[in-house]
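Subject: Handing over the structure

Dear colleague,

I am passing the structure on to you with this email, and below it I have set out what was found. Please keep the 3D view open while you read, so that you can look up each place as it is named.

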Amino acid sequence: MEALGLMAMKSPLFLSRASPSPTVEKSPLKLHIRATFPKRKGDASPKQPSAAVAVIGNAVTQSPVSPPQSSEPLLIPPLRKASPDDLQYPPGYLGAVPDRTAMGDGGDGTINAMGYLTNIISTKVYDVAMETPLQLAPKLSERWGVNVWLKREDLQPVFSFKLRGAYNMMAKLPREKLDRGVICSSAGNHAQGVALAAKKLNCNAVIVMPVTTPKIKWRSVEQLGATVVLVGDSYDEAQAYAKKQGENEGRTFIPPFDHPDVIMGQGTVGMEIVRQAKGPIHAIFIPVGGGGLIAGIAAYVKRVSPQVKIIGVEPSDANAMALSLHHGERVVLDQLGGFADGVAVKVVGEETFRLCTELVDGVVLVNRDAICASIKDMFEEKRNILEPAGALALAGAEAYCKYYGLKGKNVIAITSGANMNFDKLRVVTELANVGRRQEAVLATVMPEKPGSFKRFCELVGSMNITEFKYRCSSDKEAVVLYGVGVHTVWQLKEMQGRMEAENLKTYDFTRNDLVKDHLRYLMGGRPNLQNEVLCRFIFPEKPRALMKFLDVVSPRWNITLFHYRGQGETGANVLVAIQVPDSEMNEFKQRASDLGYDYQVVVNDDAFRLLMYFLPHPTPPFSSMTTT
Ligand SMILES: Cc1ncc(COP(=O)(O)O)c(C=O)c1O
């Protein structure tokens, strides 16, 4: 991929878009679009389902089911492929502003905004959903200088908004269809929504989930009375199975986002906000996965209060809507970050995309650390723990307010879900302070001689050390990796200045995920190894995932490093180093691709060179940390 440089105005991608809204005060000087790609149609080649059925516990109550054997066409229509890295811009910047010039008038059989509005008003979701409160967040309001309002969808009976859409669609089905039952595929909140709706409507529901779904999730669906079938390794495989099985059994398939009735159900969130708001709303921040929630809210709010900005928020490594709006067509992501699993969607819906193109003001991107910081904020504000997707909008709202220096306005963030996987809490607590810029992760090179460690500690001074890694080295110099609590930018800068004055090179790795996920647990010992290739793999969390990997690389190549970091995601983050001579690199890459796990080769990573080989890189110390 070719880097396009940092200047937004030089980017053809940027020039082709409408400018952000006129109230925006700062210019996007730091806009960072790392690469573009030519417009190509039909270059995706989605996999045929190769589902394997698992019967775990009593999750499958039917006789064993087999995956669809059909020569059914593709799971996903042939869409252009894109990588999350293809479109990145600074946190808080309002990007992916849709180009509305080429839009039709809705006269092609699609439901227009008025159709959505009237349907949202007459919805039946309140048979199961509650009207959630719109609560002021006083601490955050004071800190950001705006009135921060939280739309508390995490308080719904199934701890997310998803039951609104599912119930709205199912309640409209004629009784005979309900009697034949419904089916859906989901790895999370949609499953619970459908299960609860089915219980209320007295209909039979089958929920198809990937085999990798944590027990806690499928158990909670089962407890609502639905039949859980665990099929396939991925959501795509589960979905293919559910659709096929729905056809075979005459069950109605309930999609998670891409259906007008689902969108209308989610739109009731917007209706409530308009009714509950105490003053003029500047913007509503909405987490985006497939786009059902944002499309529904936009369909209502833009019709009754067009001046209110509707802003989507996506993780920077799961930005399918931003990329789709940016290119004016749906794209399918070739890789996907799974930390905010509720919004980890490779391709947005067709109808949701159409509505977003028409109604949404843009998309803000945030990283994992910022999401963790917002989970902590919510805990401090209301003593509730949001799941990552549930805290996404809050993170986006904060970044936007900071980026544009917004003051005194009313901003609303949808806290969309609280189905937190308990295992993820460890990562959240580790990253929350980094995300809030209250902790910096640094490495300092110091002389390997008596007294230097003590001197180093004196230079750190009153700053609180949160983590410290040092391993005696036979070299003349040693490297220490450490975390420090940061109260102000100046405090950190002063400390760095003290180090610099004594010629202690210091590197700031606060934003380096490789360090935060892996290297901080590994450093020490510097073998002299040839041809070491460093790779990051996402292993599916399922039995034999490791053996399958080892079958591919071993004994062909020597594994020199292996670090697994469970993050409570459906895929585990694994860092591997393998000795592969240049002449065998193509073969290695081919074998790694055939394995079917997402992976990337890490090339020339400064942190790895420093912490694992002790090769200080040539760049000056104190790489900038934009602490605010
Ligand atoms: C907690 C949470 N937030 C946000 C979303 C995104 O919703 P949508 O797919 O409608 O964009 C989901 C989707 O499941 C979710 O579970």
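This is a predicted model: local features need pLDDT of at least 70, side-chain atom pairs count only at pLDDT 80 or more; totals for chains, interfaces and linings use all residues.

A residue counts as buried if 20 or more other C-beta atoms lie within 10 Å of its own. Leucine 610 has 22 other C-beta atoms within 10 Å, and it is therefore buried.

For the overall picture, the protein contains 21 helices and 21 strands, and 48% of its 628 residues count as buried. Among the contacts with a separation of 6 or more, 78% are between residues 24 or more positions apart.

The interior comes next. In soluble globular proteins, nonpolar side chains tend to be buried together. Here the largest nonpolar core has 182 residues, and those with the most contacts inside it are Val194, Ile207, Ile284, Phe285, Ile286, Ala298 and Ile310. Helix α14 gives the most to this core, with 11 residues. If you select isoleucine 207 and leave aside residues up to four places away in sequence, you will find that it touches Cys184, Ser186, Ala191, Val194, Ala195, Val221, Ala226 and Val228.

Around the ligand there are 22 residues, of which Gly289, Gly292, Gly342, Ser416 and Gly417 come nearest. By class, this shell has 8 nonpolar, 12 polar and 2 charged residues. Helices α6 (189–201), α10 (292–304) and α14 (388–404) each supply at least two of the residues in the shell, and the largest share, 3 residues, comes from α10. Because domain 1 (8–38 + 76–95 + 262–428) and domain 2 (182–250) both give residues to the shell, the ligand lies between them.

Strand β20, residues 571–579, has 8 of its 9 residues buried, so it is largely enclosed by the rest of the structure. Strand β18 (residues 532–540) runs antiparallel to β20 and is joined to it by 9 bridges, with phenylalanine 539 standing opposite alanine 572. Strand β19 (residues 558–565) also runs antiparallel to β20, through 7 bridges, and there leucine 561 stands opposite alanine 577. Helix α11 (residues 320–327) is mostly covered, with 8 of its 8 residues buried, and just after this helix glycine 328 takes a positive phi of about 70°.

Finally, there are some backbone details in the loops. A cis peptide bond, with omega of about 5°, joins serine 554 and proline 555, and proline 555 sits in the loop between α19 (545–553) and β19. Arginine 383 has a positive phi of about 60° although it is not a glycine, and its place is in the loop between α13 (368–382) and α14. With 7 other C-beta atoms within 10 Å, arginine 383 is exposed. Asparagine 531, which is not a glycine either, has a positive phi of about 55° and is found in the loop between α18 (513–522) and β18. It has 15 C-beta neighbours inside 10 Å and so counts as partly exposed.

With best wishes

Conventions:
Residues are numbered from 1 along each chain as its sequence is written. A residue is near a molecule or strand if its C-beta atom, placed from the backbone, lies within 6 Å of it. Helices (H or I, at least four residues) and strands (E, at least two) are DSSP runs, numbered from the N terminus. Ala, Val, Leu, Ile, Met, Phe, Trp, Tyr, Cys and Pro count as nonpolar, Asp, Glu, Lys and Arg as charged, and the others, Gly among them, as polar. Domain bounds come from an automatic or database domain assignment. A nonpolar core is a set of buried Ala, Val, Leu, Ile, Met, Phe, Trp, Tyr and Cys residues joined through C-beta atoms within 7 Å. A residue is buried if 20 or more other C-beta atoms lie within 10 Å of its own, exposed if 12 or fewer, and partly exposed in between; C-beta atoms are placed from the backbone. Two residues are in contact if their C-beta atoms, placed from the backbone, lie within 7 Å. Two strands pair if DSSP finds at least two bridges between them.
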